[in-house]
Amino acid sequence: MAKLISWNIDSLNAALTSTSARARLSQDVLQKITTYDADVIAIQETKLPSDGPSDKHLELLKEYFPDYIVEWVSSVPPAKKGYAGTMILYKQGLQAQKLLPKLGAPDTMDDEGRLLVLEFDKFFFVNVYTPNSGDGLRRLADRQKWDALYADYLSALDKKKPVIACGDFNVAHKEIDLANPVANHFSAGFTDEEREDFTKLLNKGFIDSFRFVHGDVKDVYSWWGQRVKTSKINNSGWRIDYFLVSDRIKDTITKSEMIDSGPRQDHTPILLELDL
């Protein structure tokens with residue numbers, strides 16, 4: 001049985017070192033993740049410096065996850081400092097090879113630490129933080145190029161061995177994947193273009209594990225905006241975090257669900273279990 005968790009943490013430094021009310025909520029979520037005893041934990045939006053986690057960060061991480069190996073990739077010049085970034089923790093004793101692919105994506109997307117891959121014996125594990133199309137959809141065209149390149153990359157991996165791809169995909173695929181589809185039809189993350197690109201990705205031989213397990217269940221989301229204080233209380237959310245798996249291993253899935261992050265708004269962790 002493989003147990004996997006993915007979470008957009010929205011600043012690893014803040015979650016580990018801050019004493020703010022929000023940081024305490026993040027620390028509660030980290031503590032909850034420890035109770036799952038996951039084999040692999042993917043983290044997005046670490047927002048770490050270009051040289052990665054400090055000794056202090058690693059020391060604090062070890063307090064939560066003492067028996068894990070830590071791999072990371074951060075945003076580096078010419079991309080913005082302290083931006084995006086991904087990390088994977090996996091249990092000691094597991095054998096994995098770290099891959100840092102470049103997609104040939106536009107602008108500085110390849111330099112933003114958005115893609116981190118581990119090759120295990122039976123599968124590739126892909127952690128992604130998909131670029132947001134931004135205010136006014138200013139980055140939509142570049143985002144679409146990213147989507148196409150990412151889909152091709154996953155498809156190429158899938159020809160070698162099964163793929164498990166997780167992370168913040170920054171898209172709600174269907175109308176049931178967000179609380180207010182009509183009002184957000186032209187919002188970043190719910191444009192026709194982004195949704196079609198996600199469909200194209202799935203059509204390359206992948207399944208959305210949550211929908212595979214739960215069907216068309218409604219009102220289950222992975223993200224609630226921080227700008228509206230009542231978004232989580234009212235469950236006015238979006239499902240933009242996913243575990244995708246190669247179609248040929250879909251029948252090994254035993255669980256795909258959200259992990260309750262309590263009152264903390266923003267992203268909640270997601271869980272996948274497979275009997276590989």
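The largest cavity is lined by Thr130, Arg143, Asp147, Tyr150, Phe169, Val171, Glu194, Asp197, Phe198 and Leu201. Its volume is about 90 Å³. A cavity here is a set of points on a 1 Å grid over the protein atoms alone, where a 1.4 Å probe fits but cannot get out, and lining residues have an atom within 4 Å of a point. Grid points are joined across faces, edges and corners, and the volume is the space filled by probe spheres set on the points.

A word on the source. This is a predicted model, where local features need pLDDT of at least 70 and side-chain atom pairs count only at pLDDT 80 or more, while totals for chains, interfaces and linings use all residues. Residues are numbered from 1 along each chain as its sequence is written, and side-chain values use heavy atoms, with hydrogens and water left out.

Back to the largest cavity. H4 and helix H5 (192-202) each supply at least two lining residues. H5 gives the largest share, four residues. Helices (H or I, at least four residues) and strands (E, at least two) are DSSP runs, numbered from the N terminus. By class, the lining has five nonpolar, one polar and four charged residues. Ala, Val, Leu, Ile, Met, Phe, Trp, Tyr, Cys and Pro count as nonpolar, Asp, Glu, Lys and Arg as charged, and the others, Gly among them, as polar.

Now helix H4, residues 140-158. Why does its length agree with expectation? At 1.5 Å a residue, its 19 residues should span 27 Å, and the end C-alpha atoms are 27 Å apart. The expected span is 1.5 Å times one less than the number of residues. Buried residues of H4 include Arg143, Asp147 and Tyr150, and these also line the largest cavity. Buried means under 20% relative accessible area, exposed over 50%, partly exposed in between (1.4 Å probe, protein chains only).

The count is two cavities of 30 Å³ or more.

Which strands flank S14? Strand S1 (residues 2-8) runs antiparallel to S14, joined by five bridges. S12 is also antiparallel to S14, again with five bridges. Strands pair if DSSP finds at least two bridges between them. Leu272 has Leu4 opposite, and Ser256 stands opposite Leu272 too.

Next, strand S4, residues 86-91. Five of its six residues are buried. Strand S2 (residues 40-44) joins S4 through five bridges, antiparallel. Strand S3 (residues 68-73) joins S4 through six, also antiparallel.

Last, Gln265. It sits in the loop between strand S12 (253-258) and strand S13 (266-267). Buried or exposed? Gln265 counts as buried, at 12% relative accessibility.

Key:
On a 1 Å grid over the protein atoms alone, a cavity is a set of points where a 1.4 Å probe fits but cannot get out, and a pocket is an open set with protein on both sides within 12 Å along at least five of seven lines; lining residues have an atom within 4 Å of a point.
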